[in-house]
Amino acid sequence: MWRIAEVALGFIIEQPKVELQLAPRFKMDGLFGLTTFTHGRYLIVINKNDSHVRRRFTLAHEFRHLLDYTAAPTIHKSLGYGNEARQAQQIENICNHFAACLLVPRNWIKRAWANGLQDVSTLAVMFNVSEEAMDRRLRFLGYQVARRLVAAIARDRARGAARG
Ligand SMILES: [Zn+2]
């Protein structure tokens, strides 16, 4: 017996000066989403061909870009130690971590786990995130999970090694 624990993201587009647009993949230049400030408002564009869970994650990720938008030159200055590619990756990592925290709050997971909900697939459905995102979040929080995933990866590696 379990309840849906989906974090509602409607508040993001209810912020003043925030507009959300969905764009087809061919217009997204390989991106899940992007955030920019144009015509006096923040514009978040999300790839509409992605799955629902992916679009939710992207919106949460882009929300962090939006929050940091005006302060970015200052708060991102020391990231990457002068290496632009590394700096860009670290910014993405920050936004991904923020999205995971927003979509899968630690105390909600703690409660679900204590109630015996310890299956990655079930928790992913409950929180309306991908299994991959849930798996990563649980590992980050220190839960012992995904033995099946780990076993599958080990099998694939062994197979790859066997092929040489
Ligand atoms: Zn990003």
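Guide: Let's begin with axes: they are lines fitted to C-alpha atoms, for helices over the stretch in contact, and angles run from 0 to 180 degrees between N-to-C directions. Helices (H or I, at least four residues) and strands (E, at least two) are DSSP runs, numbered from the N terminus. With that in hand, the axes of helix α2 (residues 52-68) and helix α4 (residues 84-103) come within 8 Å and cross at roughly 120 degrees.

Visitor: Before we go on, what kind of model is this, and how are residues numbered?

Guide: This is a predicted model, in which local features need pLDDT of at least 70 and side-chain atom pairs count only at pLDDT 80 or more, while totals for chains, interfaces and linings use all residues. Residues are numbered from 1 along each chain as its sequence is written.

Visitor: Why are α2 and α4 called oblique?

Guide: Angles under 35 degrees count as roughly parallel, over 145 as roughly antiparallel, 65 to 115 as roughly perpendicular, and the rest as oblique. The two axes cross at roughly 120 degrees, and α2 and α4 are therefore oblique to each other.

Visitor: Which residues make that contact?

Guide: Contact here means C-beta atoms, placed from the backbone, within 7 Å of each other. On the α2 side they are R56, F57, A60, H61, R64 and H65, and on the α4 side I94, C95, N96, F98, A99, L102 and L103. By class that gives 8 nonpolar, 3 polar and 2 charged residues, where Ala, Val, Leu, Ile, Met, Phe, Trp, Tyr, Cys and Pro count as nonpolar, Asp, Glu, Lys and Arg as charged, and the others, Gly among them, as polar.

Visitor: What is the angle between α6 and α7, and what is it called?

Guide: α6 (residues 120-127) and α7 (131-140) pack at an angle of about 110 degrees, with their axes 9 Å apart. α6 and α7 are therefore roughly perpendicular to each other. V120, S121, L123, A124 and F127 in α6 meet E131, M134, D135 and L138 in α7. These residues divide into 6 nonpolar, 1 polar and 2 charged.

Visitor: What makes L138 buried, exposed or partly exposed?

Guide: A residue is buried if 20 or more other C-beta atoms lie within 10 Å of its own, exposed if 12 or fewer, and partly exposed in between, with C-beta atoms placed from the backbone. L138 has 20 C-beta neighbours inside 10 Å, so L138 counts as buried. Leaving out residues up to four places away in sequence, L138 touches I109, V120, Y143 and V145.

Visitor: How do you know on which side of α6 the buried residues sit?

Guide: The buried residues are V120, L123, A124, M126 and F127. They cover an arc of only 160 degrees around the axis, so they are on the same side of α6; the arc is that of the directions from the helix axis to the C-beta atoms. What covers them includes α4, α5 (106-114) and α7. Just after α6, N128 takes a positive phi of about 55 degrees.

Visitor: Does A5 count as buried or partly exposed?

Guide: A5 is in the segment before α1 (10-13). A5 has 18 C-beta neighbours inside 10 Å, so A5 counts as partly exposed. A5 touches W108, A112, M126 and F127, not counting residues up to four places away in sequence.

Visitor: What makes H39 and Y81 exposed?

Guide: H39 is exposed because 7 other C-beta atoms lie within 10 Å. H39 lies in the loop between β2 (33-38) and β3 (41-47), and has a positive phi of about 50 degrees although it is not a glycine. Y81 is exposed because 8 other C-beta atoms lie within 10 Å. Y81 is in the loop between α3 (72-75) and α4, with phi near 50 degrees.

Note on methods. Contact = placed C-beta atoms within 7 Å.
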